[in-house]
Amino acid sequence: MNILVVGSGGREHALCWKLAQSPKTSALYAAPGNPGIAQVATCLQTTDYLAAAESINADLTVVGPETPLADGIVDQFRATGRRIVGPTAAAARLESSKAFAKELMLRAGIPTARFATANSAEEARDALLEFALPVVIKADGLAAGKGVIIANTHQEARRAIDQLGPALVIEEFLAGEEVSFIVLSDGVSVLALEPTQDHKTVNDSDQGPNTGGMGAYCDGRILDPFRQELVMAQVIRPAIAQMRSDGTPFTGFLYAGLMMTSEGPKVVEFNARLGDPETQALMHRMASDFVEPLFAAAHGALDETPLDWKADPSVCVVLAAAGYPGSVRTGDAITGLEEIHEATVFQAGTKVDQNVLVTSGGRVLGVTASGATLDLAISNTYSEVSKIQFDGMHYRRDIGQKGLKRW
């Protein structure tokens with residue numbers, strides 16, 4: 001099959017790396033891609049994705065980022081009869097509108113935090129009075145993983161309202177451990193990927209502002225089989241069934257950001273695509289061929305036979321550029337990649353400038369390795385991280401630490 005992957009980040013590099021290994025892939029393309037993706041696929045320098053798919057006669061297109069999904073790429077492709085993995089613009093509102101997602105959870109009886117929606121700063125300040133501190137303030141639209149502020153004081157909450165507004169969702173704060181639970185669906189059938197854990201804040205011990213994700217790990221012990229089935233029964237199947245009964249069947253990747261609370265799983269957010277950096281850890285650990293389920297999902301013929309996973313946990317550490325997640329400096333030369341032998345380095349914010357690989361975005365690289373235990377996977381990853389350098393490089397040093405208690 002000729003396969004096209006849409007996007008240019010670390011998630012798309014990991015997808016291309018995995019799909020390139022499949023005997024079912026005859027030719028692999030990415031639009032627009034990045035220098036890392038160019039090592040395993042042909043990069044097409046365009047954001048006219050339909051024209052790109054037509055130019056290579058793509059048998060299957062897989063969409064990475066949320067913006068093209070919200071903009072209706074799936075509707076556009078299906079109108080011309082092209083196979084694509086992803087939700088329609090109407091179904092992608094699960095991610096592009098926090099308010100839409102919360103209303104759907106209410107209708108479907110999906111456990112989530114108590115919330116209020118607001119369309120002005122005045123409404124938001126009134127709604128704030130109904131919540132205890134800390135309180136969670138979310139921008140209603142797409143925010144690349146950064147549109148969330150946890151406010152510990154009323155002053156912080158008011159600042160967050162001014163910064164993220166006017167359309168907001170205000171939620172009660174949930175205590176517990178976060179888990180990313182991602183499934184692939186054809187609108188009816190559902191295939192679960194292994195649970196992962198993302199690390200969203202920029203600094204160790206979950207301190208500092210939120211980012212798009214500073215690292216993730218995938219490990220068979222994150223959720224036991226009972227809890228996985230609980231998530232499927234209380235969250236995933238009701239969401240897929242509700243979307244179908246609403247006339248907007250959800251196809252593609254549904255990402256449930258969960259808080260495992262003392263009362264069971266509660267949904268923090270839904271995303272309409274694979275997570276980043278969760279995908280890097282997932283693809284590294286997946287033993288099954290991935291082309292087959294993707295093609296089946298695009299056909300509406302998904303088989304719910306579970307995927308195979310390597311026993312060894314995998315860990316991805318994100319190396320970020322100077323200033324991230326604020327104003328980012330770019331153009332710093334990256335060195336040390338040729339010394340990496342025990343990890344896979346997925347490129348995200350990189351470009352080639354006069355034959356030198358340099359930084360070109362906030363999250364630059366995702367160094368991903370595995371090991372027989374989670375502890376070993378962590379130490380293997382960080383020993384490879386230490387070989388890479390660029391000016392202003394920073395990263396968290398505690399990725400995967402929370403999982404050690406399960407070993």
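This is a predicted model: local features need pLDDT of at least 70, side-chain atom pairs count only at pLDDT 80 or more; totals for chains, interfaces and linings use all residues.

W17 and F346 are both buried, where buried means under 20% relative accessible area, exposed means over 50%, and partly exposed lies in between, computed with a 1.4 Å probe on protein chains only. Residues are numbered from 1 along each chain as its sequence is written, and side-chain values use heavy atoms, with hydrogens and water left out.

W17 and F346 form an edge-to-face aromatic pair, at 5.4 Å centre to centre with 75° between the planes. The criterion for a pair is that the ring centres of Phe, Tyr or Trp, the last taken by its six-membered ring, lie within 6.5 Å; planes under 30 degrees apart count as stacked, over 60 as edge-to-face, and the rest as tilted. W17 belongs to helix α1 (residues 10–19) and F346 to strand β19 (residues 344–347), so the pair ties together parts that are 329 residues apart in sequence. Helices (H or I, at least four residues) and strands (E, at least two) are DSSP runs numbered from the N terminus.

A further aromatic pair, F253 with F290, is tilted, with 6.2 Å centre to centre and 40° between the planes. F253 lies in strand β16, and F290 in the loop between α10 (278–285) and α11 (291–299), so here the parts tied together are 37 residues apart in sequence. Both F253 and F290 are buried. In total, the structure holds three aromatic pairs.

R114 lies over the face of F131, at 4.4 Å from the ring centre, and the charged end of R221 sits over the ring of W407, 3.6 Å from its centre. The criterion is NZ of Lys or CZ of Arg within 6 Å of the ring centre and within 35 degrees of the ring normal.

Let me return to the helix that carries W17. How many of the ten residues of α1 are buried? Ten of the ten are, so α1 is largely enclosed by the rest of the structure. The buried residues of α1 include the charged R11, E12 and K18.

I turn next to the nonpolar cores, meaning sets of buried Ala, Val, Leu, Ile, Met, Phe, Trp, Tyr and Cys residues joined through side-chain atoms within 4.5 Å. The largest has 70 residues, and those with the most contacts inside it are L4, I236 and F270. Helix α9 gives the most to this core, with seven residues. Leaving aside neighbours within four places in sequence, I236 is in contact (heavy atoms within 4.5 Å) with F181, V183, V190, V231, L254 and A256. A second, separate core of 36 residues includes C16, A41, V291 and L302.

Helix α9 itself spans residues 225–245, 21 residues in all, and reaches 28 Å from its first C-alpha to its last, close to the 30 Å expected at 1.5 Å a residue; the expected span is 1.5 Å times one less than the number of residues. Where is the kink in α9 centred? The kink, of about 40°, is centred on M232, the bend at a residue being the angle between axes fitted to the seven residues ending there and the seven starting there. M232 is among the buried residues of α9, as are V235, I236 and P238. The elements covering those buried residues include α5 (93–96), α6 (98–108), β10 (177–186) and β17 (264–271). Just after α9, G247 takes a positive phi of about 85°.

Finally, some backbone details in the loops. A cis peptide bond joins G165 and P166, with omega of about 5°, and P166 lies in the loop between α8 (154–164) and β9 (168–172). Another cis peptide bond joins Y324 and P325, with omega of about 10°; P325 lies in the loop between β18 (314–320) and β19.

D206, a residue other than glycine, has a positive phi near 55°. D206 is found in the loop between β13 (201–203) and β14 (207–210) and is partly exposed, at 35% relative accessible area. Q354, also other than glycine, has a positive phi near 50° and counts as exposed at 72% relative accessibility.
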